[in-house]
Each structure stands twice: as structure tokens, then as C-alpha cells.
Amino acid sequence: MANAALFRRLALALPGAAEGEHMGHPDFRFNNLIFATLAAQAKGLGMVKLTVEQQGAFVAEQPAIFTPVPGGWGRMGMTHVILATADEDTLRGALATAYRNVEAKQATAKQKQNPSPRMRNTNDPRQL
């Protein structure tokens, strides 16, 4: 069974992951973007930042472990992990999925900032 200490250990085992703090609770970041938190650890909950599609799959497959965060955050993919019911492998998979989402988002943003020469608009003199 998972707990907050295991959640923290698994989150920090991901390459480049770091623990921070947001609004008085621990969070876990990759390149300063949050992929998981322990905001509700007092209630026995962790949170992973999933896509809406991923959230649907996790909740459908394991409703005793995953539940959408109430309100608008949950509608955007933020998903509670019920720590008492999550085993280590399931928790590792959920954290890795959230981490990869942030990693992919950063790679896309970096690519947009530095387009390859073939993608540049040669009609724009600033890009020559």
C-alpha cells in the first residue's frame, strides 16, 4: 500500500524531478513545472497531473485508486490518488505518466521557441 513517503520517493526518483512547495504543500516538478503534489496528504491523497483522456482511463481501470479532483481542476485532468489503496507499481506508473506529460509539454514549447531552419518563415526578415 502506498503512502505519502512512498509517493515522495517515487516522484523524486524520476530524472530531474525536484520537490518544491506551492501554497503551503509539497509539489514535485520537472524543470519547474508541477507534475504531482501532496496537497491533500492529510486526507490520504496525492495528485497527479494527467490529460483528460489519461484520467478517464486511470479512473475507469482503477476507480478504487484514482478519482478526479473536484471542480475545474479535475475537469482539466488533475487526478487524486488514494494513497491507502495504491500499490507501488500503480503509483510509479501514474507518477511516470504525469512526469512524461510535463516533459513532453516542455519539449513542444522548446521546439516552438527554436524552430528548425526549414520551419522558419523566409518572408519574415527577422527570421533570416
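Predicted model: local features only at pLDDT ≥ 70, side-chain atom pairs only at ≥ 80, totals over all residues.

Modeller: Residues are numbered from 1 along each chain as its sequence is written, and side-chain values use heavy atoms, with hydrogens and water left out.

Biologist: Is His25 buried or exposed?

Modeller: Buried means under 20% relative accessible area, exposed over 50%, and partly exposed in between, with a 1.4 Å probe and protein chains only. His25 has 15%, so it counts as buried.

Biologist: What does His25 touch?

Modeller: Contact means heavy atoms within 4.5 Å. Leaving out residues up to four places away in sequence, His25 touches Gly20, Thr37, Leu38 and Ala39.

Biologist: Where is His25 placed?

Modeller: Strands are DSSP runs of E, at least two residues, numbered from the N terminus; helices are runs of H or I, at least four. His25 belongs to strand 2, residues 25–30.

Biologist: How many bridges join strand 2 to strand 3?

Modeller: Two strands pair if DSSP finds at least two bridges between them. Here 4 bridges link strand 2 to strand 3 (residues 33–37), and the two run antiparallel. Phe28 has Ala36 in strand 3 as its bridge partner.

Biologist: What is the strand order of the open sheet?

Modeller: The order is 1-2-3-4-6-5 for its 6 strands, with antiparallel pairing. Strand 1 (17–22) and strand 5 (66–68) are the edge strands, each pairing on one side only.
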